[in-house]
Amino acid sequence: DDTLQPQWNHTEQPLTLHTLSSIRSLLINPSTPKRIVSSILKTLTQSNLTHHTLNLLSDLATHHSSLSQLALDSLLRATDSPTRLAVDSLASVSELSFPQEFELDDDRFVSMCFGPSIPGRVWMLRNAGYMFRIRPALLFTVLLGFTKDPYPYVRAASLEGLVGLSERGEFHDVSMVKGCYLRALELFDDMEDCVRLSAVRVVASWGLMLSASSADMKAYWCNEVFAKLCSMARDMSVKVRVEAFNGLAKMEIVSKDFLLQSLSKRVLGNGKQRETMDQITSEQFTMLATSVAGALMHGLEDEFFEVRKSACQSLHRLTILNVEFAREALDLLMDMLNDDSVVVRLQALETMHHMAINGCLKLQEKHLHMFLGALLDNSREVRCAVRKILKIVKLGDLAMFKSSIDRLLENLDSYLQDEADVFSAFSHLGRNHKKFVGYIVKETFEEVEAAFEGNVEFKSARIAALLIICISAPLFNEYLGIIPPVLFSYAVTLLGRIYHAFSDIMDKDTLLAYLCEKSRPPSDSVPDINHGDGEQQLSLIEGDTPKCASNGVVDSKIGSQIMKEQKELTSYQVEHHQSEYSEVTVYINYILAKFPDMWQMIETGFTNEVLRSLR
């Protein structure tokens with residue numbers, strides 16, 4: 001330890017860069033003895049304060065908690081130093097656990113803001129509202145005054161300070177709020193990108209405060225703010241355009257005329273119904289409409305993906321304000337599914353999902369090609385987002401329903417790793433479109449039965465998906481009569497593969513009990529399946545009960561599953577007669593007797609024949 005005693009105990013000697021580097025190495029080393037750290041602290045507090053010593057005091061407070069309060073006191077005393085050093089001292093303290101009750105008197109605050117150091121001024125204006133207990137009126141006056149500073153970064157910092165001040169919600173004087181809003185509008189024409197960027201944020205935040213200040217003028221100011229933000233959608237700076245669309249996403253009320261105008265580059269004029277624009281003249285309306293014209297379309301067509309993503313995100317909020325606007329915007333969102341950027345495609349789908357949740361997503365036939373095509377997208381996140389929408393959207397007709405099933409099956413064939421989520425999508429489709437399931441159950445039954453009988457190639461994933469959509473429809477005892485009980489029997493054999501599709505409403509055991517219960521044919525006469533027009537679709541008298549044939553394995557498996565689970569399940573009580581146990585035993589013995597022959601066939605390469613026999 002004695003060899004580590006440095007020469008910094010002699011404070012009359014200046015601390016060289018080499019010495020400062022050695023001190024920092026000791027401070028960040030957790031093994032440094034405490035007495036050496038204390039000696040370093042004493043040396044730093046007695047030496048001339050510089051930016052380097054401030055950084056070392058900050059390191060000491062961070063890595064040595066027992067001495068952190070002493071280091072913090074030293075940093076706070078440095079606030080009485082010359083302006084730049086005082087600001088740096090405050091910045092160092094702010095990176096630590098800043099004392100909540102720390103107060104900076106008005107005179108000291110103003111003095112620091114007007115100091116000669118430009119970086120110090122910028123830091124004070126950006127952070128004063130968050131870190132010091134300064135009177136809001138004084139802070140507002142200083143910040144608003146510095147929006148006219150000759151240095152652009154000072155103007156931007158003062159605007160950012162005003163944004164932070166608006167979040168505190170302490171201003172109820174309409175004239176002050178309006179004055180700040182109008183000053184930010186003036187800076188829309190500033191030459192510097194950073195100033196215009198901050199001005200857009202001020203207009204969005206203080207504009208909303210202005211609209212909330214008067215119930216009578218709320219609609220007027222919301223439309224005014226919307227138009228001003230739209231005017232920045234064609235700014236030269238990418239960041240400004242992004243921020244403009246971020247501001248549009250915060251709007252609470254916008255007239256239908258302005259919303260529709262934002263999707264059309266041609267000014268629609270003022271002859272349309274203007275139910276919320278009574279406070280302005282026709283000339284003012286035309287000027288605002290000119291600013292709004294095609295703003296969202298420009299954003300969705302922007303060459304930078306950041307802007308396109310932000311424009312899609314703004315529709316996330318705006319589409320729920322008006323149904324007609326949502327319908328028009330959906331056409332543009334569908335085009336975004338062909339965007340080169342995965343980020344943009346995901347945001348467009350997220351917006352559609354939000355629309356679906358709020359009942360604003362009305363898919364039409366013209367949308368299906370682009371929308372369902374995204375199920376074959378190279379991005380797994382995009383495919384998942386499309387299926388997420390399909391789980392909750394209401395499809396308008398049978399053709400759209402069938403198209404969705406076909407594309408989901410293509411998704412399953414192309415991306416086997418999506419199987420669990422695809423099955424879940426099929427389950428939700430069946431639950432949400434019970435009527436359409438009734439229309440396709442005949443062809444589905446024929447395909448599934450042919451596969452289980454071995455007449456066609458058994459594509460297990462496809463068959464499982466078709467079974468899921470059929471057995472989902474009568475989950476709540478509706479439309480049960482149109483689903484052949486044998487489909488539930490087939491589903492039991494694929495239980496381990498399909499139960500994830502129902503995991504949101506039941507566990508595996510409950511699903512098994514449900515399938516076993518529904519696989520039993522009704523005791524009375526079996527109803528026919530009919531179209532809405534009364535045309536007979538499928539008779540369930542034949543083929544609705546398990547048969548003992550060469551494929552009797554299906555029925556034996558059902559019986560064995562029932563015996564295994566009957567004592568554990570309480571939601572469904574299935575009663576069996578002794579004769580049924582005997583019949584099941586016969587089936588099982590038959591299967592076990594065939595296993596030696598099947599193994600010989602596997603060894604000789606006849607795998608397909610073995611699989612057919614097992615089925």
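Helix H22 (residues 398-414) packs against helix H25 (residues 460-472) at an angle of about 145 degrees, the two axes lying 10 Å apart. The model is a predicted one. This briefing covers that helix pair, two further helix pairs and a pocket.

**Helices H22 and H25**

- H22 and H25 form a right-handed crossing.
- On the H22 side, the contact is made by Phe 401, Ile 405, Leu 409 and Leu 412.
- H25 contributes Ala 461, Arg 462, Ala 465, Leu 466 and Ile 469 to this contact.
- Sorted by class, the contact of H22 with H25 comprises 8 nonpolar residues, no polar residues and 1 charged residue.

**Helices H21 and H23**

- Helix H21 (residues 380-390) and helix H23 (residues 419-432) have axes that come within 9 Å and cross at roughly 15 degrees.
- Because angles under 35 degrees count as roughly parallel, H21 and H23 are roughly parallel to each other.
- The crossing in which H21 passes H23 is left-handed.
- Cys 384, Arg 387 and Leu 390 of H21 make the contact with Asp 421, Val 422, Ala 425 and Leu 429 of H23.
- The contact of H21 with H23 contains 5 nonpolar residues, no polar residues and 2 charged residues.

**Helices H18 and H20**

- The axes of helix H18 (residues 323-336) and helix H20 (residues 365-373) cross at roughly 30 degrees and come within 9 Å.
- That angle makes H18 roughly parallel to H20.
- H18 passes H20 in a crossing that is left-handed.
- From H18, the residues Leu 330, Asp 331 and Met 334 meet Lys 366, His 367, Met 370 and Phe 371 of H20.
- In terms of residue class, the contact of H18 with H20 has 4 nonpolar, 1 polar and 2 charged residues.

**The second largest pocket**

- The volume of the second largest pocket is about 230 Å³.
- Its lining consists of 14 residues.
- The lining residues that lie nearest the centre of the second largest pocket are Ser 166, Glu 167, Val 177, Ser 205 and Met 209.
- Three helices, namely H9 (152-167), H10 (174-186) and H11 (193-212), each supply at least two residues of the lining of this pocket.
- By class, the lining of the second largest pocket is made up of 5 nonpolar, 4 polar and 5 charged residues.

How values were computed: Residues are numbered from 1 along each chain as its sequence is written. This is a predicted model: local features need pLDDT of at least 70, side-chain atom pairs count only at pLDDT 80 or more; totals for chains, interfaces and linings use all residues. Side-chain values use heavy atoms; hydrogens and water are left out. Axes are lines fitted to C-alpha atoms, for helices over the stretch in contact, and angles run from 0 to 180 degrees between N-to-C directions. Helices (H or I, at least four residues) and strands (E, at least two) are DSSP runs, numbered from the N terminus. Angles under 35 degrees count as roughly parallel, over 145 as roughly antiparallel, 65 to 115 as roughly perpendicular and the rest as oblique. A crossing is left-handed if the near helix is turned anticlockwise from the far one by less than a right angle, and right-handed if clockwise. Contact means heavy atoms within 4.5 Å. Ala, Val, Leu, Ile, Met, Phe, Trp, Tyr, Cys and Pro count as nonpolar, Asp, Glu, Lys and Arg as charged, and the others, Gly among them, as polar. On a 1 Å grid over the protein atoms alone, a cavity is a set of points where a 1.4 Å probe fits but cannot get out, and a pocket is an open set with protein on both sides within 12 Å along at least five of seven lines; lining residues have an atom within 4 Å of a point. Grid points are joined across faces, edges and corners, and a volume is the space filled by probe spheres set on the points.
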